[in-house]
Amino acid sequence: MSHRGRTVDGPVSVRGLSGARERRLRTGRIELCVAELGDAERPTVILVHGYPDSKEVWSEVAARLAERFHVVLYDVRGHGRSTAPKPLRGGFTLEKLTDDFLAVADAVSPDRPVHLVGHDWGSVQSWEFVTVGRTEGRIASFTSVSGPSLDHFGHWIKRRMSRPTPRRVGQLLDQGAKSWYVYMLHTPVLPELAWRGPLGKLWPKMLERLEKVPTGDYPTASLPQDATHGAWLYRDNVRARLHHPRTDAHAHAPVQLITPTGDAFLSERLHDDLGEWVPRLTRRTLDAKHWVPRTRPDQLAWWITDFVEAQENGSHRPAGTAAKAATGPYAERFGGRLVLVTGAASGIGRATALAFAEAGARVVAVDRDAQGAARTAEAARHAGASAAWAEVVDVSDEQAMEKLAEKVTAGYGTVDVLVNNAGIGLSGPFLDTASDDWKQVLDVNLWGVIHGCRIFGGLMAERRQGGHIVNVASAAAYLPTRSLPAYSTSKAAVLMLSECLRAELAGRDIGVTAICPGIVKTNITATARFAGVDEMEEKRRRKKSARLYGLRNYPPEKVAEAILRAVARNQAVVPVTPEARGARVLSRLAPGVLRALARIGPRL
C-alpha cells in the first residue's frame, strides 16, 4: 500500500479549532481528517494525538503555535472524523500508522521536512516514525510527550529482567502498576462495553476531577467510538514489540523529551537509557499530570516553539536569545519558564534571577533601581536565559504593580514563577520606631508581597495552568529580637501569608514557598535604617552591621540555589542558613529559649 494520499474534498471549518482549514486525505482504504492552521509557507508542525483522544486534544496548543508555524493536526485512523479500518484487528499496526503519517506529511509539506509532536499514543507511534529508515529526511525534529518508544521500552524491560537488582525490580514493579490499563485493554470485549457504557459518560468528569482538565469542547462526542477503536492500537502492537523490540530503533532527528513529573501512567525511569538511542536529545520536566496538552498548553507551546526554531536556525537555541545555552542543574525543569524577581538589582534578587537564567528561564528583573535591573537582565542573558527584560517599579505602589502585570502579561506572557524578594531593613527599639518608619517597612516588606501575590497570583489562577510563588521572608519571622521589631513583624506576616496562600492555592496547582534566610552578605545593610538615632550614629551602626554581615560571608547564591530547589520540590517553608535552621527548630521545640535570647540579644 502506498503511503501517498490524495485530498478528496475541499476545506471546511473545524469544530473546536477556530480558523482551521480541513481536508480529507485518502491513504489506501482509509480517509484521514486533517486540519491546518497558520501560514502554509512557514515551517510545518504536525501534532499527533493519543488515546482515547481525537485531534481536538491539541486545540489549545495548536492555536498558540499557529502564530509562528504552519500547524497540522489529524485524527488517527478510527478516531474523530477519520474512518476506521475493516476489520479492526490488524488495522492499527505501527507500519500502517507510519503510512498515514507519511501521507499527511507529503500532502501538507511536500518539499520540506516536518516537525513532529506526539502525546500519549501519538508519541508512541511518532517514535516509530522517527526511528524507521523510510521516514529519514522527512522529519526535522520530534517532541515526545508522555509516550515511550515500544522498542526502547522492550529493551528497558529486558535489561532489568536480565540483570535484576532491588532498584531495577522496584522500577519494573512501579511501571507494571502504572500500566494496569494496558492489561485491561487487551481483555476481549470488556473495554468496548465500558467505553460504550458508563466509562464513556463519566470520562469527561474524571478528566476534570483527576487531571484538572478544563471543561470545554474536549473531549468530543466521538469519544466512545474513538476509545473502542483505539484499543486496537495496544492489541496490534504492544505485546509483539515488547517481546521482540527492534535493535535499530535509533532516532534520525533531534528529539525533545517532555516528562510530566505527576504522570500516573508512565514512570520517569522509563527514559533512563534514552541517550543511547537518541544522539541529539533535549530533556524537559513539567510539574503536571498526563494530559498536558490541555492543562499546560502555554508551556508546551513555548517549548515546542523554542525547539522547532532552534532546528530551523541550525543551532541549539533560537536566534537572538541567550548568549549561551542553559547549563544549570534545573535546566530540564525551568527552561523557557517565565520568572519574575523583585528586588533583582542586587543581593538575593540578583543571584536568584541569574540562577533561573542558568536554568534557561525567561527572566523579568524588577527593581526601583533602573540601572541595577538592566545590569541583572543583561547578565541573565549571558548566563543562559532564553530571554530577559528589566522593569522598574516600586513594589509598595499598588497601581504601579498593576501596570507592571499588564505590561508583562501582554509582552511576555503569564508569569510561571514569582519571587517576591524586594525588602528593606529597619533596626531599633519599638519605642523609638515612629509610625512613618513602620509604614515604610510594612509598605515594602509586606504590602509589596501582598501586591505581588494578589496581582500575579491572580493571573496564574485565572490561566489555570499552575505556577509557583516564592516569598522571601527571613529567620527573623520566627526569631524574636529586641533589635528588629518592625522588620521581624513584617517578615512574620510574610511567613503566615505564605502559609495561608499555600493552603488556598494548592487546589489550583499553584505552589507557595516562604524562604527564610539568616545572615546573608547582601547590600541590605547599606540601605538599612536605624530608628531613634541621629545621622552620624546611623552611619556608625550601618558600618558595624555591614562588617558583621561581611564576617559571616554567607553568599546570596546559596539562597538562590535554595529557592530553585524549593520550587522544584514545592517546599513550604525553607530556612537557608545554619542559624536560620537552628532557630526554626528552637521555635518549635523550645520557644522559651529564643525568648530568653531575645532579651539579651545584641543591639546595634
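**A short tour, stop by stop**

Select tryptophan 180 to begin; its place is in helix H6. Helices here are DSSP runs of H or I with at least four residues, strands are E runs of at least two, and both are numbered from the N terminus. This is a predicted model, where local features need pLDDT of at least 70, side-chain atom pairs count only at pLDDT 80 or more, and totals for chains, interfaces and linings use all residues. Residues are numbered from 1 along each chain as its sequence is written, and side-chain values use heavy atoms, without hydrogens and water.

Buried means under 20% relative accessible area, exposed over 50%, and partly exposed in between (1.4 Å probe, protein chains only).

With Trp180 they form a nonpolar patch on the surface, about 430 Å² of accessible area together. Helix H6 (residues 180-185) gives the largest share of the patch, three residues. Areas come from the Shrake-Rupley method with a 1.4 Å probe; for residues, only the protein chains shown count as cover.

Next, threonine 93. Find it in the loop between strand S5 (70-74) and helix H2 (94-108). Threonine 93 counts as buried because its relative accessibility is 18%. Leaving aside neighbours within four places in sequence, threonine 93 is in contact (heavy atoms within 4.5 Å) with Asp236 and Asn237.

Last, the cysteines. Cysteine 453 counts as buried, at 7% relative accessibility. Cysteine 500 counts as partly exposed, at 46%. How many disulfides are in the whole structure? A search finds zero (a disulfide is a pair of cysteine sulfur atoms within 2.5 Å).

Notes:
Patch = residues over 30% accessible without salt bridge, like charges linked within 9 Å, V, L, I, M, F, W, Y side chains within 5 Å. Salt bridge = Lys/Arg side-chain N within 4 Å of Asp/Glu carboxyl O.
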